[in-house]
Amino acid sequence: MDNDVSAGSSISTLGHLALGLTLLAFGLGHADVIDGVTASDAVSLATYVGGVALFVAGLLALRDRDAATGTAFSALGALWFTWGVTAGDRVSDNAAGLFMLLFALVALSLTLGAAGGGKLTQGTYGLFFVSLVLLAIAGFAGNDALAKAGGWFAVVAGAASWYGATAALAHWPTSLPRRAAGRGVTATG
C-alpha cells in the first residue's frame with residue numbers, strides 16, 4: 001500500500017468525520033440492521049453533526065478559499081439539517097422521495113466535481129448518490145427492499161468517508177500501489 005498519505009486540511013478531516021458518522025447512522029437505520037433502530041433514530045445526529053457541523057465546516061473551508069470542500073460540506077450540511085427537521089411523518093412518502101431525488105442531484109454534482117480530489121472522496125459522494133436514488137425510488141414506490149439497499153449504500157459511503165478522515169489523522173494509506181505497465185505474470189513455456 002502507498003504510505004504517502006495527504007493529511008488534507010483539518011477542516012476537511014472534521015467534515016469527513018461528521019459526514020461519515022452521519023451516513024453510518026442514516027444508512028444503518030434504513031438498512032434495518034440493528035433491531036429497533038430506524039432511520040428516524042438518526043435525526044438528532046443528522047441535524048446537529050451532519051447538518052450544523054458540516055455546514056460550519058463548509059463555511060470555514062470557503063473562508064480558507066477551498067471552494068470544492070466548502071461547497072460540498074455546506075450543501076451536505078443543508079441536506080442533513082433539512083432531512084433532520086422533516087424526517088418521519090412530517091412529510092408524505094412522495095415528498096420524501098422528491099427530497100432524496102433532488103439531493104441525489106447534489107451528490108452527483110459533488111461526485112463529478114471531486115474527480116481530482118481523491119478516490120475516497122469521490123467514492124463517498126458516488127455511493128451516497130446511489131443511496132439517495134434508491135431511497136427516492138423506494139419513497140415513490142413504497143418499496144422497503146429498495147430502502148434497505150439504499151441504506152447499505154449509505155453505510156458503505158459512511159465507512160469510506162470515516163476511513164478517509166481517519167487515514168488523514170493516522171497517516172494511513174488511502175490507495176493501493178500501482179503495478180507498472182507490462183509487469184505481471186508471464187507465461188513460461
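Biologist: How does helix 3 pass helix 4, in a left-handed or a right-handed crossing?

Modeller: Helix 3 passes helix 4 in a left-handed crossing. Left-handed means that the near helix is turned anticlockwise from the far one by less than a right angle, and right-handed means clockwise. This is a predicted model, in which local features need pLDDT of at least 70 and side-chain atom pairs count only at pLDDT 80 or more, while totals for chains, interfaces and linings use all residues. Residues are numbered from 1 along each chain as its sequence is written, and side-chain values use heavy atoms, with hydrogens and water left out.

Biologist: At what angle do the axes of helix 3 and helix 4 cross?

Modeller: Roughly 165°, and the axes of helix 3 (residues 67-86) and helix 4 (residues 93-113) come within 11 Å. That makes helix 3 roughly antiparallel to helix 4. Angles over 145 degrees count as roughly antiparallel, under 35 as roughly parallel, 65 to 115 as roughly perpendicular and the rest as oblique. The axes are lines fitted to C-alpha atoms over the stretch in contact, with angles from 0 to 180 degrees between N-to-C directions.

Biologist: Which residues of helix 3 and helix 4 meet?

Modeller: From helix 3, Ala72, Ala75, Leu76, Ala78, Leu79, Thr82 and Trp83 meet Phe99, Met100, Phe103, Val106 and Leu110 of helix 4. By class, that contact has 11 nonpolar residues, 1 polar and no charged. Nonpolar covers Ala, Val, Leu, Ile, Met, Phe, Trp, Tyr, Cys and Pro; charged covers Asp, Glu, Lys and Arg; the others, Gly among them, are polar. Contact means heavy atoms within 4.5 Å.

Biologist: What is the mean pLDDT of the chain?

Modeller: The mean is 89, and 89% of the residues reach 70 or more. pLDDT is the predictor's confidence in each residue, from 0 to 100.

Biologist: And where does pLDDT stay under 50?

Modeller: Over residues 1-7, for which the model has 19 contacts beyond four places in sequence.

Biologist: Back to packing. How do helix 1 and helix 2 cross?

Modeller: The axes of helix 1 (residues 10-31) and helix 2 (residues 43-63) cross at roughly 160° and come within 9 Å. That makes helix 1 roughly antiparallel to helix 2. Their crossing is left-handed, and the residues of the contact divide into 12 nonpolar, 3 polar and no charged.

Biologist: What about helix 1 and helix 3?

Modeller: The axes of helix 1 and helix 3 cross at roughly 35° and come within 11 Å. That crossing is left-handed. In helix 1, Ile11, Ser12, Gly15, His16, Leu19, Thr22, Leu23, Phe26 and His30 meet Thr69, Phe73, Leu76, Trp80 and Trp83 in helix 3. The contact has 8 nonpolar, 6 polar and no charged residues.

Biologist: Ser12 is in that list. Why does Ser12 count as buried?

Modeller: Because its relative accessibility is 16%, and buried means under 20% relative accessible area, exposed over 50% and partly exposed in between (1.4 Å probe, protein chains only). Leaving aside neighbours within four places in sequence, Ser12 is in contact with Thr69 and Phe73. In the whole chain, 39% of the 189 residues are buried.

Biologist: Where is Thr166, and what is it in contact with?

Modeller: Thr166 is in helix 6 (residues 144-170). Beyond its neighbours within four places in sequence, Thr166 is in contact with Leu17 and Trp172. Thr166 counts as buried, at 14% relative accessibility. Thr166 and His16 are 150 residues apart in sequence, yet 8.9 Å apart in space, C-alpha to C-alpha.

Biologist: New topic. What is the phi of Arg65?

Modeller: Near 65°, a positive value in a residue other than glycine. Most residues other than glycine have a negative phi. Arg65 is found in the loop between helix 2 and helix 3 and is exposed, with a relative accessible area of 76%.

Notes: Helices (H or I, at least four residues) and strands (E, at least two) are DSSP runs, numbered from the N terminus.
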